[in-house]
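Here is a short report on one predicted model.

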Amino acid sequence: MNGLNNRLFNTLNTMVDLFLLNLLWVITSLPLITFFPATAAMFGVVRKRILQKETESILKSFLKIFKGNFKQSFIISIIWSVLACFLYFDYRLIDPSSSVGHLILYIILVIGILLFSSISIYLFPIMVHFELSFKHIIQNAFLFSLMNPVLTILLLIIVGAGTALFYFYPATIFIIGSLSAYAVYYLCQLWFNQLLNMKGTN
């Protein structure tokens, strides 16, 4: 009975932590230009505070990671915003039904969007798990997205489901971000640890 109560308490405590973390993420993302630093901080707290059971407060941990990763995540956000705008406007401009040439360009564009999305899903887990330059973060995100396509698809489904849930039920914004980050980082950490173990045995 005590074991059940402890598990229930730990679950409730984790949910409260996730709610507070999500609230901090929403508040610090409001200027929009700080979305990447805020998201990096959220993933960092998931890694350190929740999965590694560190005792530092959510607020203190979040602000420390937010400041520490701000420059790197902000540089990546500029690059990613430019790429996202380029892909979006090309998607709106190209009409695949107008000609064979446009159809080929459209297919290439869709592949590019899928690859862009796949790389994006790994950016924040890699950023908080490894100490790398922004160039190597992008390179590793690209490699990881291709190395484990099953995991990549699963992560895209998780984020896609979270985005859809927020679209249909906007009130979920107060929990869906941190829940998605928890699920994404947890799965990525398993994959990272597996890669490190494989490297260690070679």
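Leu 23 counts as partly exposed because its relative accessibility is 31%. Leu 23 sits in helix 1, residues 2-29. Helices here are DSSP runs of H or I with at least four residues, strands are E runs of at least two, and numbering starts at the N terminus.

Leu 23 belongs to a nonpolar surface patch with Val 16, Phe 19, Leu 20, Ile 27 and Phe 174. Together they have about 500 Å² of accessible area. Patch residues have over 30% relative accessible area and no salt bridge; nonpolar side chains (Val, Leu, Ile, Met, Phe, Trp, Tyr) are joined within 5 Å, like charges within 9 Å. A salt bridge puts a side-chain nitrogen of Lys or Arg within 4 Å of a carboxyl oxygen of Asp or Glu. Areas come from the Shrake-Rupley method with a 1.4 Å probe; for residues, only the protein chains shown count as cover.

## Basis and fold

Residues are numbered from 1 along each chain as its sequence is written. The model is predicted: local features need pLDDT of at least 70, side-chain atom pairs count only at pLDDT 80 or more, totals for chains, interfaces and linings use all residues, and side-chain values use heavy atoms, without hydrogens and water.

The protein chain has 8 helices and 0 strands. Of its 202 residues, 38% are buried. The C-alpha atoms fill a box of roughly 70 × 50 × 35 Å along the principal axes.

## The largest pocket

The largest pocket has a volume of about 830 Å³. A pocket is an open set of points on a 1 Å grid over the protein atoms alone, where a 1.4 Å probe fits, with protein on both sides within 12 Å along at least five of seven lines; lining residues have an atom within 4 Å of a point. The volume is the space filled by probe spheres set on the points, which are joined across faces, edges and corners.

The lining has 29 residues, with Trp 25, Phe 35, Thr 39, Val 159 and Thr 163 nearest the centre. It divides into 20 nonpolar, 9 polar and no charged residues.

## Two loop residues

Ile 173 lies in the loop between helix 7 and helix 8. Its C-alpha is 10.0 Å from that of Trp 25, though 148 residues separate them in sequence.

Leu 32 is found in the loop between helix 1 and helix 2. Its phi is near 70°, a positive value in a residue other than glycine.

Terms used
Buried < 20%, exposed > 50% of the residue type's maximum accessible area, 1.4 Å probe, protein only. Nonpolar A, V, L, I, M, F, W, Y, C, P; charged D, E, K, R; others polar.
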